[in-house]
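Let me put the thing up on the screen and then walk you through it.

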Amino acid sequence: MPHVLAKISLQLLAKSNVDFLNIASRAQSNMWSNVPMGPPDVILGVAEAFRKDKSPKKVNLGVGAYRDDNNKPYVLPSVRQAEEIIFKKCLNHEYAPIVGDATYCDLIAKLGLGDNSLAIKEKRNVTIQSISGTGALRVGFEFIAKHYGHAKEIWMPAPTWGNHPQICNTLGIVNKRYRYYDPRTLSFNLKGCCEDICSMPPGSIILLHACAHNPTGVDPKPEEWQTLSEIIKEKRILPFFDMAYQGFATGSVDNDAFAVRLFEKHGHQIILAQSFAKNMGLYGERVGGLTIVCADTDTAAKVMSQMKILIRTLYSNPSINGSRIVTEILSNPDLKAQWLADVKEMADRIILMRKKLREGIEKRGNKHKWNHITDQIGMFCYTGLKPEQVERLTKEFHIYLTKDGRISVAGICSSNVDYVAECIHKVTADAKPRA
Ligand SMILES: Cc1ncc(COP(=O)(O)O)c(C=O)c1O
């Protein structure tokens, strides 16, 4: 018996030694010990705080996705119909070509540049399917980093969507800001913008939000776009349009593509990033496009060849489901008509909520100006609320938004608009009028 006990205790001792050695060696060989904790994403942080709030009154105005009037995610009727048609076709799941399906690329180029685009007629556009709008920006910026032969500086509006500078920084591209939004007037600063464009090095790249500017909801007027196009041309600057909200601003996909088409008509060799996340509600499908308008077909062929090399090493080829839905909608006249009506319905609901929010604040006798709520356009509204007012909205009233005072109007619906108006009135009632 003592013999057996001695054997067991020896075994235990050996095991604990092994455990000890394992832990010690794991500590020594932590291959990722150098990785610092990264800051949380601002928008996702707002969503997380909202999720944890148990109040029945809570409102999320940080969402970057459209919600219907019941505050629910919305699947467009045109998309549902397209899905049914595709399902019945019993298609296979083979790989897409590196740059996506050719029919899809033709259709989206036309949707962006318009039926009368000279670049399309002359086959000077290089259009690829991208992983939604972010993927289009990433591929576009990376193409610039690798192949652009002029001043490699990307100028972005101040402020801009947070991911724009982040993508550039990841790629080591110099990115600077031009004046865009005037916090005094809560509107577009044409003079400042033009002055800054004039001082950009010739050949640099200017990033323009084609419509429904995120985060401010402030877009240049048609005559202001005209002016911008002239100066940008004179300074030989390359316009890069980010069009993530085509149709969301005015309810018309053609109106919202005004600037893109104007610049193309003026002979700019524009770059265009497109997304179908918002205007088709295909957020998780990750479907979009990137177009580079070239000077001639020879250059287009070379650009396309390099585009393929770039994409092959990034993700090899794009996914097929989202592009099938987009193709079905854009190629079937009945479905397309339904989609245009769906887009208009979403834009109209946003426009109505802007109107109701403004009325709700003004009818309470609030002494500040609120015309910017209805003057601004698209899903986002830069309210002009100060960080401390935002904090009160969240802490006292369970209304969630980013510190810069941006609200997603899509988060407002008939059942909460009055509550939001009342709370905005309460947090601003005692503040000094804006200068
Ligand atoms: C200005 C802007 N560009 C691009 C995107 C890209 O979106 P996604 O990658 O979902 O298409 C967004 C999304 O919020 C945006 O606001």
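Predicted model: local features only at pLDDT ≥ 70, side-chain atom pairs only at ≥ 80, totals over all residues.

Residues are numbered from 1 along each chain as its sequence is written.

So, the overview. The protein chain has 17 helices and 13 strands; those are DSSP runs, H or I of at least four residues for helices and E of at least two for strands, numbered from the N terminus. Along the principal axes, the C-alpha atoms fill a box of roughly 100 × 65 × 55 Å. Of the 435 residues, 43% are buried, where buried is 20 or more other C-beta atoms within 10 Å of a residue's own, exposed is 12 or fewer, partly exposed is in between, and C-beta atoms are placed from the backbone. From the record, an unreviewed UniProt entry annotates residues 57-423 as "domain: Aminotransferase class I/classII large"; positions are in the numbering used here, feature names are shortened, and annotations may be inferred rather than shown by experiment. That span is 46% helix and 15% strand, and its end C-alpha atoms lie 11 Å apart.

Now the sheet. It's open, with seven strands in the order E2-E10-E9-E8-E7-E3-E4 and mixed pairing; a pair takes at least two DSSP bridges between the strands. At the edges, pairing on one side only, are E2 (125-131) and E4 (174-179). From one strand to the next the twist averages 25°, with axes as lines fitted to C-alpha atoms, for helices over the stretch in contact, and angles from 0 to 180 degrees between N-to-C directions.

Over on the E4 side, strand E3 (residues 153-158) runs parallel to E4 over six bridges, and Pro157 sits opposite Tyr178 in E4. Helix H8 (residues 190-198) packs on the sheet there, touching E4 and strand E7 (205-209), its direction at about 140° to that of E4. Contact means C-beta atoms, placed from the backbone, within 7 Å.

What about E10, how many of its residues are buried? Seven of seven. Val287, Gly289, Thr291 and Val293 point one way, Gly288, Leu290 and Ile292 the other. E10 is antiparallel to E2 through seven bridges, with Thr127 opposite Thr291, and antiparallel to strand E9 (residues 271-275) through five, with Ala273 opposite Leu290.

Next, helix H13 (residues 321-331). Nine of its 11 residues are buried, so it's largely enclosed by the rest of the structure. Its cover includes helix H3 (77-88), helix H4 (102-113), E2, strand E10 (287-293) and helix H14 (333-362).

On to the ligand. The residues around it include Gly64, Trp161, His209, Asp242 and Gly288, counting a residue if its C-beta atom, placed from the backbone, lies within 6 Å. Helix H6 (residues 132-147) gives the most to this shell, three residues.

Last one: Trp32, in the loop between helix H1 (2-28) and helix H2 (42-52). Trp32 counts as exposed because it has 5 C-beta neighbours inside 10 Å. From Trp32 to Gln226 is 52 Å, C-alpha to C-alpha. That's me done.

Notes: Contact = placed C-beta atoms within 7 Å.
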